[in-house]
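Here are my notes on the model you sent over. Keep the viewer open while you read, and take the points one at a time.

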Amino acid sequence: MRRRGRLKDSKANNPTLADDQGDKDFSPEPACRRGLALSCSLIPVSAALIVTATIFTCYLLTESQEGFIAKGLWFPAISFLGSNGEAKLVYQIGFSLTGLLLLGTLALANVFVVSPLASAGSITPTHTSTELRERTREEKDIPPLEFESKTLDPNPNPNPNSNPIRPDYQKSSELASRAINMGLLSALGVIVQGVFVLEIPVNYKTYIHWIGALMFIMGAQAHAQEIVELYTNTASNSLRYLLQGSLGWKKACQNAPSVFFVVPVGMQVIRLGMGMDTGALLQNSMGVIQWGLVFSYILFFVSYGYDIFIVIHRSPYAEKGHDE
């Protein structure tokens with residue numbers, strides 16, 4: 001009892017001591033939070049670096065054996081690069097490790113970003129205009145990082161003239177669930193391609209490898225679509241403010257693959273309009289499409305590094321303990 005009494009007296013006489021101990025008891029140190037944010041954000045970046053290094057290492061090893069550049073083939077199918085020789089083991093290790101890191105990325109993104117967005121609810125696109133957000137912020141005189149969805153009250157408003165916006169929590173939860181499931185499918189597709197590489201002549205491993213490729217592309221496309229909608233329509237103004245830069249990045253990566261389908265059209269123009277042989281050009285064009293698709297979705301997953309870092313490091317949840 002005496003020790004407790006002395007501790008109370010020391011805190012009462014020294015407010016600084018009381019504040020410091022309270023910080024240590026209830027909130028993480030800023031340095032620790034920065035370290036956690038940086039460590040978590042490096043996982044998707046590491047995945048991108050590993051798969052890029054794997055592809056170009058296999059490219060050099062396979063070129064030294066096959067000499068495909070001398071045949072006019074500059075952009076072979078990525079799967080072909082790990083089909084035999086020394087490149088096969090590099091391909092297997094690199095793609096398997098990349099898939100595991102993508103699984104870790106999705107787990108972290110789900111905890112720090114996707115789950116808070118799902119909990120905040122979704123609103124219709126007509127209610128997400130910058131004008132509405134800025135006007136509401138000015139009326140309440142709330143700084144951007146501390147601005148919460150106070151106007152998005154899920155409870156009935158007694159004033160019928162105010163017509164409050166009510167978030168749709170079921171929709172946001174469904175979007176988040178589908179996004180994570182499709183992301184997991186995509187990551188597992190990368191692992192499958194690493195374990196079962198393309199083999200010539202074709203055997204059962206080749207078919208499994210092609211299934212893995214379809215898992216990656218279809219999963220990544222669906223994941224990107226659900227995530228962009230979740231980010232765009234979130235009812236959380238604070239999270240929208242934090243993630244607005246990342247949303248633009250994600251939209252660019254999502255729309256980039258459509259640009260690569262211009263290449264086959266260009267091949268037809270060269271062949272029909274200019275009368276040139278497009279044998280090697282056609283193969284290269286298909287390779288460019290595949291490379292473009294793969295690296296577009298790699299960059300999409302890299303954007304989670306920014307999301308995780310910014311939410312942990314600067315989120316009002318960490319600073320103020322706000323609950324949306």
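**Notes on cavities, pocket and core**

1. A cavity is a set of points on a 1 Å grid over the protein atoms alone where a 1.4 Å probe fits but cannot get out; grid points are joined across faces, edges and corners, and a volume is the space filled by probe spheres set on the points.

2. Before going on, remember that this is a predicted model, where local features need pLDDT of at least 70, side-chain atom pairs count only at pLDDT 80 or more, and totals for chains, interfaces and linings use all residues. Residues are numbered from 1 along each chain as its sequence is written, and side-chain values use heavy atoms, with hydrogens and water left out.

3. What makes up the chain? It has 11 helices and 0 strands (DSSP runs numbered from the N terminus: H or I of at least four residues for helices, E of at least two for strands). Of its 324 residues, 40% count as buried, meaning under 20% relative accessible area with a 1.4 Å probe, protein chains only.

4. Now the second largest cavity, with a volume of about 50 Å³. Its lining (residues with an atom within 4 Å of a point) includes Leu 117, Tyr 231 and Arg 240. Helix H8 (residues 237-260) gives the most, with 5 residues.

5. Next, the largest pocket, which has a volume of about 520 Å³. A pocket is an open set of points with protein on both sides within 12 Å along at least five of seven lines. Of the 31 lining residues, Ile 78, Ser 79, Gln 193, Gln 290 and Val 294 are the closest to its centre. H10 brings the largest share of the lining, 10 residues.

6. Which residues have the most contacts inside the largest nonpolar core? They are Tyr 231, Leu 243 and Tyr 304, in a core of 57 residues. Such a core is a set of buried Ala, Val, Leu, Ile, Met, Phe, Trp, Tyr and Cys residues joined through side-chain atoms within 4.5 Å. H10 supplies the largest share here, 14 residues.

7. Finally, click on Tyr 231: leaving aside residues up to four places away in sequence, Tyr 231 touches Leu 243 and Tyr 304, and its other partners include Val 113, Leu 117 and Asp 307. Contact here means heavy atoms within 4.5 Å.

Terms used:
Buried < 20%, exposed > 50% of the residue type's maximum accessible area, 1.4 Å probe, protein only.
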